[in-house]
Structure formats: C-alpha cells, structure tokens
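Colleague: Could you take me through this structure feature by feature, giving the general idea before the particular case?

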Amino acid sequence: MTLLSVRDLTVRFATDEGLVTAVDQVSFDLEPGEVMGLVGESGSGKSVTAKSIMQLNFGGIRYGETSQILLDVDGRQTDALKLKRPRDLRLVRGGAVSMIFQEPMASFAPAITIGDQMVEQLILHKRVSKAEAKKTSIEFLDRAGISDAARRFDQYAFELSGGMRQRAMIAMALSTRPRLLIADEPTTALDVTIQAQVIDLMKEIVAEFGMAIIFITHDLGVIAQTADKVAVMYLGKMVEQGPVREVIRTAAHPYTQGLLNALPDLSDLDSPLKPVPGDIPSPLERPAGCVFHTRCPEKIPGRCDAAVPAMAPVAPGHACACFARETEGAA
Ligand SMILES: Nc1ncnc2c1ncn2[C@@H]1O[C@H](COP(=O)(O)OP(=O)(O)OP(=O)(O)O)[C@@H](O)[C@H]1O
C-alpha cells in the first residue's frame, strides 16, 4: 500500500487582509522508504503542505472540500484531514508521523530534560514501560551520534550545542519509529560539516528502518544528495515532480530551470549570481492562469495568463505543469 497519498490538497487561511491560498490542488504519493525533497522559494507552501499531514496549521485554516491526505496507519488507510479527536490526532502527531524543524528548541520544552521528554513520548505512543522507554531513548541518542548518551539523557536542551541539539531532536523524532519523517529545513542553520553528518545520519536511518522522508529545503544541493525524488512548488502550486537526478539534469519547468541556474557555480567564482528574475507575487494577489507566468521567460501570451496548466508527464515518473512543454510534446 502507498504510504502517503496527498490528493488535491488546497489550504487557505482567513486573515484580516483576506483569504490567503497557501496551497492549491497539490497531489503526490510517497512509498515506504522513499525520500522526497520538497523545494521552492520562501512562501511557496512547502511547510503548510507538510504540516497539513499532521494538522499542524493553525489560525483560520480551511482545507479544500475534495482534499484528502491518505496515510497508511497500521495497514489501514486513514484520511489525516478527517481526524478530529486528540486521541485520533495522536496517530499522526508523533505516531505514524514525526516532524523535525530547523530550530530544535521548538521541539523541546525548556524546563524538562531531554530524557524525560523522550520517555514521555515513547510511553504515550508505544505503550512501553518507563525502563524500556529509557533504554530506547539512550539507544537512539547514541545512534544519532551523541557521545555519552546516558549523561545527555539527563540534560536540558539548552545545555547542548546547536549540532548536538539537532541530533537529539532527530533521535527523539525517530525513537517512536514513525513511518514518515517530515524534516523542515533541518540542516539550514548548521555549519556544513555538521550538516553533512546530519544528512548521513538521516540516510542511514532510512536504510535501516525503511521510513519515508519528506525533506523540505531551499537547497537543491542537499536534495541531490538525499532524495530519491523531488517536488517543486511555486506560490502554492506543484509545478514539477520526478526522480531527483532526472529533474536536476533535465528540468522541464522554467521555474525549476531558474532555481538550478541560480545555484552558484563553484568552478567560476567570478561569475555573477543569477537569481530567478522578479519577485514572488503576494499570495493575496495570485496571478490568473499559471501562477509563474509573471516571471516566466517562456510565457505564451494569451495562454499562460488565461488558463492553469495541469501536471502532465514529460517522461516516465516525471511530470510538469507548463503550457510551453505541452506544445513541445505535441510538436
Ligand atoms: N497561519 C497562517 N496564516 C496565514 N497565512 C499563512 C499561515 N501559515 C502560512 N501562511 C502563508 O502561506 C504561504 C505558504 O507558507 P509556507 O510557510 O508553507 O511557505 P514555505 O514554502 O514553507 O516558505 P519558507 O521556506 O519560508 O518556510 C505564505 O504566504 C505564508 O505567509
């Protein structure tokens, strides 16, 4: 059974300025053991998409009427958007799904030791004894590369260095053995050496436990190293998805091409940076037609500003939502 099937996900927020469409009819699937990178500039809807799986978006939220987030929970397909009672929400919050954040302090309560938090979570989700929970917690801290794990177990998050806290957060998120880990910019705030260690750790864990990961990042380099497939979002829309190497080598959507062109060229340090030209429009004033047409170098006047392109295959497993590619396919 497919582990996660996001269907037609639309997320709007009622704000004082009006209705913000943060995510617009996004669909994707994830199989057990698969790592999917979710990329796009700031405000493209990556976090809102991921948080929807755990119903962690708050404040005036409205999901689309046909939106579904189908998750395999213990062999039963469950629509995560339909869960209401706290007991049922626990199935996706820390049960089948765990989330790690850029800022590990967001995961830890400041006045409770790391060990007590890990134990509490394990007892809640796994119904194990306290002694067993302690043993598992120390094991996972150790697995996450924390030396002297038994001593760290009794420490508070503020007593750990940044990199160590990140590892402790990963240990805590993984100790309940979730089927799906959502990693929201987990390495952005780290220096490159620790970043590489954290990425290695996540790869090891996927290989060992076969859990699926949604890896949210701005950094296509990190995606290239970690993910099997990649999904690119722009202003709430999914614009391209496919196997990571193929998308990086032969990006189909002009936005993905722009993101790749914007990467610094390390072999030519004097070459100027080439950011995607133009600014992202406000989500309150989303352009009609293709949301990217206001910045697109391949815009077809009268078409791209009038109709919304659907995702269509450009190669097996590789799809893109762009009228310019459709024309090429037909030619
Ligand atoms: N609670 C909320 N109320 C109103 N608008 C929100 C809320 N949460 C998110 N948004 C809006 O939804 C849009 C998508 O936000 P989201 O955080 O998913 O972007 P992102 O791609 O993850 O960006 P970043 O990389 O900066 O985290 C943004 O325009 C954001 O302002």
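**Reading helix packing, domains and sheets**

Modeller: Keep in mind throughout that this is a predicted model. Two packed helices are described by the angle between their axes and the distance between the axes. In this structure, the axes of helix H3 (residues 114-126) and helix H6 (residues 162-175) come within 9 Å of each other and cross at roughly 15°.

Colleague: How are H3 and H6 oriented towards each other, roughly parallel or roughly antiparallel?

Modeller: Angles under 35 degrees count as roughly parallel, and H3 and H6 are therefore roughly parallel to each other. The crossing in which H3 passes H6 is right-handed.

Colleague: Which residues of H3 meet H6?

Modeller: On the H3 side they are Ile-114, Gln-117, Met-118, Gln-121 and Leu-122, and they meet Ala-168, Met-172 and Ser-175 of H6. Sorted by class, the residues of this contact comprise five nonpolar, three polar and no charged.

Colleague: At what angle do the axes of helix H4 and H6 cross?

Modeller: The axes of H4 (residues 130-143) and H6 cross at roughly 130° and come within 8 Å, which makes H4 oblique to H6. H4, too, passes H6 in a right-handed crossing. The contact brings Thr-136, Ser-137, Phe-140, Leu-141 and Arg-143 of H4 to Ala-168, Ala-171, Leu-174 and Ser-175 of H6, and its residues divide into five nonpolar, three polar and one charged.

Colleague: How is the protein chain divided into domains?

Modeller: The domain assignment gives domain 1 as 4-96 + 178-330 and domain 2 as 104-177. Taken over C-alpha atoms, the centres of domain 1 and domain 2 are separated by 29 Å. Across the boundary, 13 residues of domain 1 are in contact with twelve residues of domain 2. Helix H7 (residues 192-209) supplies six residues, the largest share of the side of domain 1 that touches domain 2, and by class that side has nine nonpolar, three polar and one charged residues.

Colleague: Turning to the strands, in what order do the eight strands of the open sheet lie?

Modeller: A general point comes first: in a regular strand the side chains alternate between the two faces of the sheet. Here the eight strands form an open sheet in the order E7-E8-E9-E3-E10-E11-E13-E12, with mixed pairing. Strands E7 (97-100) and E12 (312-315) stand at the edges, each with a single partner strand, so one side of each is left without a neighbour in the sheet. On average, and with direction ignored, neighbouring strands of this sheet are turned by 20° against each other. Within the sheet, strand E11 (residues 237-243) runs antiparallel to strand E13 (residues 318-320) and is joined to E13 by two bridges, Gln-241 having Ala-319 in E13 as its bridge partner.

Colleague: Which strand forms a hairpin with E1?

Modeller: E1 and E2 form the hairpin, with two residues between them. Strand E1 (residues 4-15) and strand E2 (residues 18-30) pair in the antiparallel sense over nine bridges, and Arg-12 has Thr-21 in E2 as its bridge partner. E1 also pairs in the antiparallel sense with strand E5 (residues 68-73), over four bridges, where Leu-70 in E5 is the bridge partner of Ser-5. With strand E4 (residues 61-63), E1 pairs in the antiparallel sense over three bridges, and Phe-13 stands opposite Ile-61 in E4.

Note on methods. Residues numbered from 1 in each chain as written. Predicted model: local features only at pLDDT ≥ 70, side-chain atom pairs only at ≥ 80, totals over all residues. Axes fitted to C-alpha atoms, helices over the stretch in contact; angles between N-to-C directions. Parallel < 35°, antiparallel > 145°, perpendicular 65-115°, else oblique. Left-handed = near helix turned anticlockwise from the far one by under 90°. Contact = placed C-beta atoms within 7 Å. Nonpolar A, V, L, I, M, F, W, Y, C, P; charged D, E, K, R; others polar. Pairing = 2+ DSSP bridges. Domains from an automatic or database assignment.
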